[in-house]
Every structure is written in C-alpha cells, then in structure tokens.
Amino acid sequence: MSDSLLLNILLLSPLLSATLIFLLNISIAGVKQYIYTFLALMGSGISALLALYISYFSYAENQVLGSHLFTWLSIENFIVEVALKADALSSFMILFIAPVSFLIHVYATGYMNKDKSYGRFFAYFNLFIFFMFLLVLADNPIIMFIGWEGVGLTSYALVGFYFEDIKNTYAGNKAFIVNRVGDFGFLSALMLLFIEVGSGGLSFDAILSNIGQIEPSMLSLIAFLLFVGAMGKSAQIPLFVWLPDAMAGPTPVSALIHAATMVTAGVYMVARFAPLYNLTLDVSLFIAYIGAFSALFAAIVATRQFDIKKILAYSTISQLGFMFMALGVGAYSTALFHMFTHSFFKALLFMGAGAIIVAFHHKQDIRELRGIRESIPALFVMMFIATLTISAIPPLSAFFSKDAIMSALYASGHIELFIIALVASLLTVFYMFRLIFVVFYSKVKQAGASNSRSMIYPMAVLTILSIFAGLLNVPEIFGGNLNISNWLNILDKQFFISHSDEIILMSVNTLLIIGVIFYTYKRYAYSDTIEKESEHSLVANKFYIDEIYSAVIVKPLYALSVIFDKNISHHLIDNTIHRLALYYEKLGVVFSYSENGNVRYYALYMLFGVVSGFTYLYILLRAAL
Amino acid sequence: MLQEYMILSIILFCIGVVGLISRRNIIVIYMSIELLLNAVNLSLVAISADLADTSGQVISLIIIAIAASEAALFMSLFVVLFRNKSSLDADLFDMLGSKK
Amino acid sequence: MQNEIIFAILALLTIVSSIVMISAHRPIDSALAFIVALICIAALFGLVNATFLFVVQIIIYAGAILSLILFIVMFLNIKDENLPDEKNKNWWLLGTSLIVAPFGAILIDLIVRSDIAVNMVPAEGFGGIKDVGLTLFSKWVLPFELVSILLLVALVGAVTLAKRDN
C-alpha cells in the first residue's frame with residue numbers, strides 16, 4: 001500500500017461511516033442498533049489502527065507522508081490544493097486523537113445504549129473525527145480552516161444533541177457564536193498571510209519559510225489574530241464562556257470534543273505556527289499571560305462548582321491555560337506533550353463522570369452523589385488514578401508533562417508566570433480531590449446501577465495510558481532522552497536549568513501537592529463541609545463573567561438589533577420592497593390584458609416590434625445609403 | 001423589371017400582413033398567409049429571371065409544395081374548428097390566454 | 001414597352017383583387033378575388049420567362065388549392081350567422097395598414113434607392129421544364145426529398161385532425 005493511500009483511508013473512513021450511518025438513519029426506520037455500532041466502530045477503529053501505524057512510521061523512520069487529493073481552486077497565483085501531510089507534529093496529533101476517539105466511541109456505544117437518536121449521535125461523532133483529522137493533517141491553513149470550522153459545527157450539533165430541551169440548544173448556540181469571534185480572528189490572519197506571502201504558495205512550509213519577508217508589526221498582528229482563533233477554540237480568557245455550557249451535550253461528547261481533542265486544536269495551531277511565534281516575542285508573552293490567567297481563573301472557579309461536569313470543564317480550561325503558558329515561553333513540545341497526557345486523563349475523568357451519571361440516574365450535583373464508592377469500586381479506582389495523574393504525582397504521566405512546563409516557566413525567567421502556574425496547579429489538586437473526597441468518601445451510602453462493560457473497558461485502557469504515557473518523554477534527569485520532543489523537532493527555545501534546581505523544584509512541587517491533598521482530605525472527606533459552601537458566592541457564580549458579558553456585549557447588541565429590526569429593516573427595507581412588489585403586481589395585471597389568447601393579437605405585437613425596430617434601423621443607417 | 005417586381009411583391013406582402021392581422025375569419029386569414037407566400041414567390045422568380053439562374057424558381061416550386069401541404073392541414077383544421085364551435089371566428093379560439 | 005404595359009395592368013389587377021380579398025365579408029367573395037390575384041401572379045411569372053412556374057401556379061394554386069378552399073366553404077355550408085360579426089373590420093384594416101405602411105414604405109424606398117438589377121441575359125430555354133427539372137434534381141435534390149416527407153406528414157396530419165373523435 002502506498003503511503004498516500006494510508007493517509008486517505010485514515011481520513012476518509014470516518015467520513016464514510018458517518019455518511020453510511022446518516023443515510024441509514026434518514027432512510028430506514030428501525031435499523032438495528034448493532035448495525036450503527038458496527039459502522040461507527042469500523043470507521044473509528046480503522047483510522048485508529050492506521051494512525052498508530054503512521055505515527056510509528058514517522059517516529060521510527062522520521063519520514064513525512066503526504067497525499068495530494070485534488071486542486072480545489074486555481075485562480076492565478078491563488079492555488080488551493082487539497083493535500084494532506086503527516087509530518088512529525090501531525091503524526092503526533094493523530095497518535096492520541098485516533099486511539100482516544102476509538103476508545104470513546106466504544107464507551108459511547110455503552111453510554112448511548114437504547115437512545116432513540118443512537119444513529120444520529122454516531123453520524124455526528126464520526127463526522128467530528130473526520131474534521132479533526134482534516135484539521136491536523138491539512139497541508140495548508142485553508143484546509144485546516146475547513147477542519148477547524150467542521151469540528152466547530154459538529155461540536156455545535158452535539159452540544160445541542162438533545163434539542164428537545166431548549167437550554168441545550170442555547171448552549172450549542174453559545175458555543176457556536178463565541179467560536180465565531182475566534183474564527184473571525186483566524187480567518188483574518190489567513191487573509192493577511194495570503195496578502196503578505198500568498199504568492200509564494202499557501203502550504204505551511206511555504207508560508208513559514210516566507211514569514212521573514214513580513215514586516216514585524218504586521219507579523220505581530222497576524223500572530224495575534226491567529227491566537228484569537230486559538231482562544232476561541234481552546235476556551236481561553238476571554239472567550240472561554242462557551243466551554244462550561246457545552247457540558248449540556250452527552251458525556252462522551254464532553255470527553256472527546258471538549259476535553260481530549262477539539263479544544264486542543266488551538267494549542268496545535270500555535271505549535272504549527274511556532275516559527276512565526278518565535279519571531280513575535282511580544283505576542284508570545286501575551287499568550288503566556290492569557291494562559292496563566294485562564295489557568296488561575298478557571299482553577300479558582302472550579303473550586304466552588306457543584307456540577308461534576310462543570311468542575312471538569314473548568315479543569316480543562318485550566319489545563320489548556322498551562323499549555324498556552326508553555327507555548328508562550330517557547331516550550332512548544334512541552335505544551336504538546338502535556339496536551340498528549342491531558343487527553344488521556346481528562347478523557348478518563350469525563351468518562352468516569354459519565355459512568356457515574358449513568359449509574360446514578362443522571363444526577364450531576366456532587367452533593368447528591370455522595371457515598372457511592374462501595375457500589376462502583378472499579379470506577380472509583382480509575383477515577384482516583386486519574387485524579388492523582390492530573391495532580392501530577394510522580395511517576396504518573398502528568399507529572400512528567402506538567403513538571404516540564406514548570407521547569408520551562410521557571411527557566412524562562414518569568415517568575416510571575418511560574419508562581420501563577422504553581423498556584424493554579426495546587427488549586428487543581430484542591431478542586432479535583434474535593435470532587436473525589438466529596439463523592440467517594442462519605443458517611444452516607446447509596447447504591448446505583450452497574451455500568452456496561454463497553455464503558456468500563458475503554459476506561460481501563462485509558463487508565464493504563466494515563467499511568468504510563470509519561471514514559472514516552474522522560475527528561476534526561478531521570479535517565480530518559482525526551483523521545484517525543486526529539487521526534488517533534490520543533491524550534492523550541494532552549495532553557496538551561498541545572499539538575500539540582502530541577503530536583504528541588506520537583507520535590508517542592510510534590511510536597512506541596514501532597515500537603516494540599518491532606519488538607520483537602522481533612523476538609524471534605526467524611527464531613528459535610530460541602531453542604532455549607534454557598535452557591536451564591538462570587539466564585540461559585542464564576543465571578544459573574546457571564547452576566548458581565550451579557551450586560552456589556554449581548555444586551556447592547558440585542559438592543560441595537562431591535563432598533564435596526566424595527567426601523568431600518570421593517571420600515572425602510574421591508575416596506576420599500578413590499579411597495580415595489582405591489583406595483584409590479586399591478587403592472588402585471590395591466591399587461592395581462594394583452595395576453596388574451598388570440599394569436600392575431602400576438603402577431604400584431606410582433607408587427608409593432610418588427611416595424612419599430614426596422615424604422616429605427618432605417619433612420620440610423622439612412623445616412624450610409 | 002426587377003425593381004417593379006420587388007415593389008409589387010412588397011405591396012402584396014403588406015396587404016397580406018394587414019389581412020392576417022385585422023381579419024377574424026379563419027378562411028380569410030388562411031388566404032392572407034397564401035398571399036404572403038405568393039408575394040415571396042414573386043420576388044424570387046423576379047430575381048431568378050434577373051440573374052438568369054433557375055435556383056430561384058426551384059425555391060418557388062418548393063414553396064408552392066409547402067403551401068400545398070399547408071393547405072391540406074388548414075382544410076382539416078377548418079373542419080375540426082367549425083365542428084367544435086360552429087363558427088369561423090378566430091377570436092373564439094383563445095385558450096392560450098390567461099383568462100378562463 | 002409592351003411588357004411594361006402588361007406588367008402595369010397585371011400589377012394593378014393583383015393589388016386590387018388582393019385588397020378585395022382581405023376586405024370582403026364573405027369567404028366565398030374572398031376566394032374568388034384570390035383566384036384573380038393568383039392568376040395575375042401566374043401571368044407575371046410568365047412575363048419573366050418562368051414558363052414552368054406559370055403552369056404550376058395555375059394548376060396547383062388556382063386549380064387545386066383554390067378549389068379545395070371553395071370545396072370546404074361549400075362543404076361546411078357556412079351561413080351568414082356562422083361568420084364572425086366584424087363590426088370594426090374597416091377600422092382594423094385601416095389601423096393595421098397604418099402600422100404596416102412605414103414598413104412597406106421603407107422597403108420600397110430601399111429598393112428604389114439601390115440599384116440591384118444586373119440584367120443577365122437568360123439562355124435559351126430558361127425557366128422551361130427541362131431547365132427547372134435539371135436544377136431541381138441536381139442542386140436541390142435534398143430539399144426536394146425533404147418536401148416529399150413533409151407532404152407525407154401533412155397528409156397523415158390532415159387525416160388525423162379531421163377524423164371524428166369517438
């Protein structure tokens with residue numbers, strides 16, 4: 001099999017299965033559920049296997065696979081090729097996207113079991129994978145933008161999946177509209193890039209090799225606008241508001257789209273444009289600060305949330321903030337590696353939360369989910385491991401990735417960023433263990449239903465991955481050789497940090513984390529502290545950010561729209577058009593008298609035409625005769 | 001002679017057009033059409049004589065043949081129309097129009 | 001000179017009988033006037049040596065087609081009440097004439113201004129049956145065949161149309 005064929009199959013198999021499921025779903029009523037299951041798992045399974053193969057190929061042989069599908073547009077020097085490229089970065093992305101997608105598909109077959117929209121769900125889900133692959137495998141930013149919009153679209157469709165409840169639809173709308181702001185930035189950046197360096201070709205390689213020609217201020221603007229896109233997709237301040245609401249979708253959607261894959265697209269994009277950001281240090285620093293504030297802000301908010309999925313959503317924002325911090329100081333491969341481990345443990349946490357929700361009659365409030373450890377021991381173990389992982393306890397995977405971020409921040413010389421990151425990471429430990437201790441360690445007990453095996457097994461696999469994924473990128477201080485960083489081979493900034501400093505950092509970090517765990521245990525385990533926490537505090541209400549946005553942006557815009565609607569649209573435009581239509585109709589009535597059905601009248605009209613045309617020509621040409 | 005023939009042909013053609021449009025009697029309309037064809041024939045024959053080329057006359061011959069087939073169709077059409085409405089008024093046959 | 005006089009008489013006769021044809025109230029009058037016009041046109045053909053067409057015009061038009069028209073008029077047994085009552089007929093004729101007049105005037109003007117005549121001298125036997133026949137079956141054989149198909153179609157069409165629906 002040729003290499004490009006592999007890539008094409010990887011990309012198209014989810015699309016094919018999505019199409020088949022969709023066609024089956026709309027054309028035949030009462031298709032057996034196992035047919036959908038088979039199609040969905042085939043689509044994602046084939047691509048997962050191929051992704052593993054392609055990544056291994058790229059890792060071991062260091063080769064870049066490419067596939068040119070067709071030329072989409074060719075207008076003078078504006079040539080858009082639909083082409084795929086699996087270089088190290090893309091291969092790395094599909095290395096975790098494809099298997100995690102497959103596992104969550106398996107999980108979803110259990111979660112969505114007997115749902116009346118089972119087929120529709122998997123059609124969207126497979127379509128999402130297709131667009132995600134398109135996003136990470138695209139060879140030029142325009143195709144990437146198609147994937148970018150496609151994942152946004154499927155995310156919208158899946159957030160509002162249970163559209164019978166209007167609240168879900170609103171959440172979907174919010175996600176979509178907030179993302180439009182980001183997409184506007186991304187699209188503007190693409191246009192500017194085309195204006196500046198479009199003549200040299202539009203593939204990533206061509207653009208990145210030509211960015212030296214752009215003057216610095218324009219380059220900064222482009223970098224900033226690109227990051228606005230990343231802000232929207234990766235839910236960073238100030239465009240993060242959609243992500244907590246997006247939890248209205250089914251839990252597998254939250255696990256796959258809003259934790260493991262789609263929200264990391266912003267990180268991927270910034271890493272993809274790493275050479276550009278290396279030239280614009282001011283924008284990079286801005287990214288780092290945005291990441292830092294997002295991490296801190298989301299972590300603070302998460303400490304006072306009661307909805308299990310909301311906690312995890314804010315945790316996702318916070319973790320993405322960590323990644324952007326690392327990107328901002330130039331530690332691209334570190335950020336990507338954290339994204340890699342994050343996708344495993346955050347997917348695991350969401351799947352655990354979903355399993356709990358299913359087992360306990362769709363309760364999501366952690367105060368109502370107390371004392372459930374005895375009825376679901378396996379889930380408890382896996383959730384506990386995932387929480388330890390996100391807390392960065394050695395030697396679990398996130399220890400390696402988060403510690404690398406910490407060292408990079410420390411070594412970059414931005415001590416304020418380092419302190420923010422440290423506080424945020426301790427808050428992470430706090431809110432995650434608050435969740436664990438409140439839900440699992442309680443005096444009261446309650447029993448729930450058991451989960452199906454198709455939900456537990458994928459979680460077990462992810463648990464193993466969460467524990468051991470860190471071993472892929474062991475720093476040299478532990479005798480490792482940073483395999484992934486070397487493979488990715490991005491233009492990382494080199495930080496020097498002495499081994500003794502690094503060991504001190506790690507030990508202090510770990511000790512602080514363990515201290516926080518003990519504090520949290522004292523505070524929440526077997527106690528009813530949680531009941532006393534107010535739902536109306538500043539933090540629990542997310543610092544009123546939603547309300548502020550509503551008052552500052554949404555309400556004025558709405559008022560303006562009403563004014564436009566009433567005055568301009570209704571009175572000016574509608575009335576004018578209605579008048580015109582009325583006159584046309586009246587004119588039509590007049591003309592319809594001429595259509596009386598007598599052919600000799602028609603001949604008369606024709607004669608009029610011929611005679612007048614003839615006379616006109618004669619007058620015109622008489623001089624020449 | 002050519003100019004005179006052409007002028008006569010034009011006059012006959014105009015008379016044919018007037019008859020075609022202003023009369024309501026189907027038979028007269030039909031004869032007006034025949035007059036149009038004859039006017040054309042006249043000019044063709046005149047040109048043919050002027051150029052000493054027989055082709056014009058052959059075209060006239062073909063036109064006469066077409067007129068003959070047209071006559072056959074028209075006659076059967078008259079029979080049908082007259083049978084339906086017992087009238088030769090062309091204005092009665094206005095199903096093409098928008099009014100019902 | 002003699003030819004010009006004959007032409008003037010024939011032309012006048014043709015025009016007058018045509019006008020009578022389009023303005024007569026009863027179709028039978030129109031038909032009779034039309035016969036006069038057709039015969040005059042046939043004579044005009046003969047005046048420019050188109051002897052074969054002269055014969056054809058008399059046989060087919062004046063003979064076959066006109067007798068067909070007369071036959072139909074008789075066959076349908078058209079009474080006066082069956083005729084359309086054309087109260088405004090003369091106004092219509094006048095109005096249409098006014099519309100057509102500029103058209104005809106311009107054409108005549110163009111013909112008079114331009115010098116289109118080349119006055120070739122015809123060969124011996126020009127316009128005779130042999131001459132026309134040779135041209136028809138050499139240069140115009142395809143239109144000739146097409147016309148034969150057209151006649152067949154018209155024949156079938158006429159029968160189909162006139163057939164009574166049962």
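This is a predicted model: local features need pLDDT of at least 70, side-chain atom pairs count only at pLDDT 80 or more; totals for chains, interfaces and linings use all residues.
- A:Ile376 is buried, because 23 other C-beta atoms lie within 10 Å, and the cut-off for a buried residue is 20 or more.
- Leaving aside residues up to four places away in sequence, A:Ile376 touches A:Ala359 and A:Gly448.
- A:Ala447 is 71 residues from A:Ile376 in sequence, yet their C-alpha atoms are 8.5 Å apart in space.
- A:His361 lies in the loop between helix 15 and helix 16 of chain A as well.
- A:His361 is exposed, with 9 other C-beta atoms within 10 Å, and a residue counts as exposed if it has 12 or fewer.
- A:Gly448 turns up again here: A:His361 and A:Gly448 are 87 residues apart in sequence and 7.9 Å apart in space, C-alpha to C-alpha.

**Helix 1 and helix 4 of chain A**

- Helix 1 (residues 3–27) and helix 4 (residues 118–137) of chain A pack with their axes 8 Å apart, at an angle of about 155°.
- Helix 1 of chain A is therefore roughly antiparallel to helix 4 of chain A, since angles over 145 degrees count as such.
- The two helices, helix 1 and helix 4 of chain A, cross in a left-handed sense.
- On the helix 1 side of chain A, the contact residues include A:Leu7, A:Leu11, A:Pro14, A:Ala18 and A:Phe22.
- On the helix 4 side of chain A, they include A:Arg120, A:Phe122, A:Asn126, A:Phe130 and A:Leu137.
- By class, the residues of this contact between helix 1 and helix 4 of chain A are 17 nonpolar, four polar and one charged.

**Helix 10 and helix 15 of chain A**

- The crossing of helix 10 of chain A with helix 15 of chain A is right-handed.
- Helix 10 of chain A brings A:Thr251, A:Pro252, A:Ser254, A:Ala255, A:Ala259 and A:Ala260 to the contact, and among the residues from helix 15 of chain A are A:Lys346, A:Phe350 and A:Met351.
- The contact of helix 10 with helix 15 of chain A has nine nonpolar residues, four polar ones and one charged.

**Chain C on its own**

- Chain C has six helices and zero strands.
- Of its 166 residues, 27% of chain C count as buried.
- Among contacts in chain C with a separation of 6 or more, 53% come from residues 24 or more positions apart.

**Chain C and its neighbours**

- Chain B puts 61 residues in contact with 72 residues of chain C.
- Helix 1 (2–22), helix 2 (26–51) and helix 3 (55–85) of chain B each supply at least two residues of the side that touches chain C.
- Helix 3 of chain B gives the largest share of that side, 22 residues.
- The side of chain B that touches chain C divides into 41 nonpolar, 14 polar and six charged residues.
- Between chain A and chain C, the contact takes seven residues from chain A and six from chain C.
- On the chain A side of that contact, six residues are nonpolar, one is polar and none is charged.

How values were computed:
Residues are numbered from 1 along each chain as its sequence is written. Chains are lettered from A and ligands numbered from 1 in the order in which they are written. Two residues are in contact if their C-beta atoms, placed from the backbone, lie within 7 Å. Helices (H or I, at least four residues) and strands (E, at least two) are DSSP runs, numbered from the N terminus. Ala, Val, Leu, Ile, Met, Phe, Trp, Tyr, Cys and Pro count as nonpolar, Asp, Glu, Lys and Arg as charged, and the others, Gly among them, as polar. Axes are lines fitted to C-alpha atoms, for helices over the stretch in contact, and angles run from 0 to 180 degrees between N-to-C directions. Angles under 35 degrees count as roughly parallel, over 145 as roughly antiparallel, 65 to 115 as roughly perpendicular and the rest as oblique. A crossing is left-handed if the near helix is turned anticlockwise from the far one by less than a right angle, and right-handed if clockwise.
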